[in-house]
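Keep the structure open while reading.

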Amino acid sequence: ILSDDLSEQERTLLELTATPAATLLGAVSMILRTTLFSEDPVAWVDMWQARHDLARIEWMDGPELADVVAHLAAKDYEGTIEGVPGLRITSYDDHNAKLHWIGTDTPVLLQLTRQSS
């Protein structure tokens with residue numbers, strides 16, 4: 001029988017998992033689903049939220065970190081936003097990047113790491 005009400009356990013689990021970090025990971029995965037698995041596919045990729053305000057993505061091989069950062073960071077092309085709205089680059093090098101998402105009331109830090117095989 002289908003119930004229209006959430007149980008207390010369901011409500012608690014949703015509060016733990018339906019966070020700003022999870023929302024950001026959803027937006028990021030929509031953009032990266034083609035980038036990370038294109039002609040130069042990754043060997044593996046993992047995404048998770050470490051806290052409600054911290055999300056991480058790691059992958060091996062595949063696109064360079066600078067290419068992924070360029071796809072994700074919000075850009076305005078003649079009035080059309082590309083990338084994740086509100087996602088700003090904080091720092092990056094060849095293997096690690098930090099981006100700050102200001103798209104919700106709780107800002108989220110996104111950490112990206114590209115491993116080399």
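Of the 117 residues in the protein chain, buried ones make up 30%. The model is a predicted one, and the values that follow were computed from it.

Three helices and seven strands make up the secondary structure of the protein chain. Read from the N terminus, the elements follow the order α-α-β-β-α-β-β-β-β-β. Along the principal axes, the C-alpha atoms of the protein chain fill a box of roughly 50 × 35 × 25 Å. Among contacts in the protein chain with a separation of 6 or more, 50% come from residues 24 or more positions apart.

Next comes the surface. The protein chain has an accessible surface of about 7,400 Å², and carbon and sulfur atoms account for 53% of that area.

Which residues have the most contacts inside the largest nonpolar core? They are Leu24, Val28, Ile57, Leu72, Leu87, Leu110 and Leu112, in a core of 21 residues. Two or more residues of this core come from each of helix H2 (20-35), E2, helix H3 (65-72), strand E6 (96-101) and strand E7 (108-115). The most is given by H2, which supplies five residues.

Leaving aside residues up to four places away in sequence, Leu87 touches Leu24, Leu72, Ala73, Ala74, Leu99, His100, Trp101 and Leu110. Of these partners, Leu24, Leu72 and Leu110 are also listed with Leu87 among the core residues with the most contacts.

Asp61 has a positive phi, near 60°, and is a residue other than glycine. Asp61 is found in strand E2, which covers residues 54-61. Is Asp61 buried, partly exposed or exposed? Its relative accessibility is 24%, so Asp61 counts as partly exposed; the buried class requires a value under 20%.

Glu78 is not a glycine either, yet has a positive phi of about 50°. Where is Glu78 placed? Glu78 sits in the loop between strand E3 (75-77) and strand E4 (80-82). With a relative accessibility of 85%, Glu78 counts as exposed, because that class begins over 50%. In short, Asp61 is a partly exposed residue in a strand, whereas Glu78 is an exposed residue in a loop.

Definitions and conventions. Residues are numbered from 1 along each chain as its sequence is written. This is a predicted model: local features need pLDDT of at least 70, side-chain atom pairs count only at pLDDT 80 or more; totals for chains, interfaces and linings use all residues. Side-chain values use heavy atoms; hydrogens and water are left out. Helices (H or I, at least four residues) and strands (E, at least two) are DSSP runs, numbered from the N terminus. Buried means under 20% relative accessible area, exposed over 50%, partly exposed in between (1.4 Å probe, protein chains only). Contact means heavy atoms within 4.5 Å. Accessible areas come from the Shrake-Rupley method with a 1.4 Å probe; for residues, only the protein chains shown count as cover. A nonpolar core is a set of buried Ala, Val, Leu, Ile, Met, Phe, Trp, Tyr and Cys residues joined through side-chain atoms within 4.5 Å.
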